[in-house]
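Some notes on this model follow, point by point. Please read them beside the sequence and the coordinates.

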Amino acid sequence: MESFAKIGVDGWSVVLYLINYGLLFAILGWFLYKPIRKAMDSRKDTIQKSMRSAETLQSEMEAMMKEQTLARETSLAEMQAEKKALEKMLEEKRQTLLAEMEQERTTLLQQTHDQIDQEKDRVMHDVETRIVELVKKALFSVLSYHVPENVVQESVKKAWDGNKK
Amino acid sequence: MITRLFLSYIVDEAKKLSHAEQVAMMLEFRSSLQFLSKRKKEIKNDALLQKFASVLRVKVIPVFDQFPLSFFSLPLGEKQSVLKEKIPQNSSLDSSLAHILSFFTAEEIQKQFSRFLNMFADVPKKLFVKSVRDIDSSTRADIRSRYQDSFVVFKVEKNLLGGMQIYNQGKLSDATWKGKVDALSRSLSK
């Protein structure tokens, strides 16, 4: 105790100081510590809530993102399938049209050949008819104007003689 | 025309008969004179008309055949001078025939003969002979003798070119050059 007195530390001062600081702490504790603690607790709660809600939001967001990704992938797959189906249908349609065009072309070619043949036959027939007419005219002309009269007269008698037989 | 010839025939026949025979003939003639209005059956059974028909065939038609179809295109004066030479006209029948040959065409004469003679047939017969030139009298007589049951009508058609055609009861016998040319052109067309 004397050593403490030497350095100027009074025991009663210490006790007073202790009582003083004790009262100070008590008062601070009563008036400050609780509210601060309360505030800090509430802030902590708030921060924890916020963190929890942030975690919830994050998990929800992740779930949503997962859903969206899934939906996007599903749509993409559907679109791919539709695209494939459409391409297949277009290809089939193209093949059908090609086949029809080929058929049409064959038919037209055949019709054209038939028409050409018919026209050729008609022209041949016309030419033959014309030739026959010309031959007939020539014969008529020769028999009418270039046969001697006695031959014509004789033909009547010969015709009757032939008829008698 | 036929009536005129018939009357001429009666006159000629009457000249050969006695008075009594003439009277009998006139009685028969009176009923025959209306032959054109009679029914066919009665004409066929009329003895006087049958006799006249055979006179027509034997005497009149051969005289008609002596004249070519070109004769009928001659002027009247020329025709009459030719007829005076060829037909003696000793009888009424000859005179009537000369008159008919002067004033009627060959077609009209043949038509009347054909119509009259067909009245004696069971079935009227049509027989036409078409030739490119006129047929001479001997060939005509030959043709008529071949077709005794019909009266042959002769026609000239120059467009036949040669030969002759015979149309008999719906059948055509074509021995003309035109027919041969037509047959040739038909065979070439096939």
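1. Terms and conventions. A residue is buried under 20% relative accessible area, exposed over 50%, and partly exposed in between (1.4 Å probe, protein chains only). This is a predicted model: local features need pLDDT of at least 70, side-chain atom pairs count only at pLDDT 80 or more, and totals for chains, interfaces and linings use all residues. Residues are numbered from 1 along each chain as its sequence is written, chains are lettered from A and ligands numbered from 1 in the order in which they are written, and side-chain values use heavy atoms, with hydrogens and water left out.

2. Chain B overall. Chain B has 9 helices and 4 strands. (Helices, H or I with at least four residues, and strands, E with at least two, are DSSP runs numbered from the N terminus.) Their order from the N terminus is α-α-α-α-α-α-α-β-α-β-β-β-α. Of the 190 residues in chain B, 44% are buried. Among contacts in chain B with a separation of 6 or more, 63% join residues 24 or more positions apart; contact means heavy atoms within 4.5 Å.

3. Salt bridges within chain B. The rule asks for a side-chain nitrogen of Lys or Arg within 4 Å of a carboxyl oxygen of Asp or Glu. Asp65(B) pairs with Arg140(B) in a salt bridge at 3.3 Å, N to O. Asp65(B) sits in helix α4 (residues 47-66) and Arg140(B) in helix α8, so the bridge ties together parts of chain B that are 75 residues apart in sequence. Asp65(B) is buried at 3% relative accessibility, and Arg140(B) is buried at 0%. A second salt bridge joins Glu157(B) and Lys130(B) at 3.4 Å, N to O. It links the loop between β2 and β3 to strand β1 (residues 127-131), parts 27 residues apart in sequence. Glu157(B) is partly exposed at 28%, and Lys130(B) is partly exposed at 23%. Shared partners also join Asp65(B), Asp134(B), Arg140(B) and Arg144(B) into one salt-bridge network.

4. The interface. Which chain gives 26 residues to the contact, and which gives 18? Chain B gives 26 and chain A gives 18. The area buried between them is about 2000 Å², with 69% from carbon and sulfur atoms; buried area is the accessible area (1.4 Å probe) that two parts lose on being put together, summed over both. Arg133(B), Leu161(B) and Trp177(B) supply 30% of what chain B buries against chain A, more than any other three residues.

5. Charges across the interface. The rule finds 2 salt bridges between chain B and chain A. One of them pairs Glu149(A) with Arg133(B), the closest N and O atoms being 2.5 Å apart. The elements of chain B that give two or more residues to this side are α8 (137-146), β3 (163-168), β4 (171-176) and α9 (177-189). α9(B) gives the most, with 8 residues.

6. Backbone points to check. Most residues other than glycine have a negative phi. Leu161(B) has a positive phi of about 75°. Leu161(B) lies in the loop between β2 (152-156) and β3 of chain B and is buried at 5% relative accessibility. Gln169(B) also has a positive phi, near 50°. Gln169(B) lies in the loop between β3 and β4 of chain B and is partly exposed at 39%.
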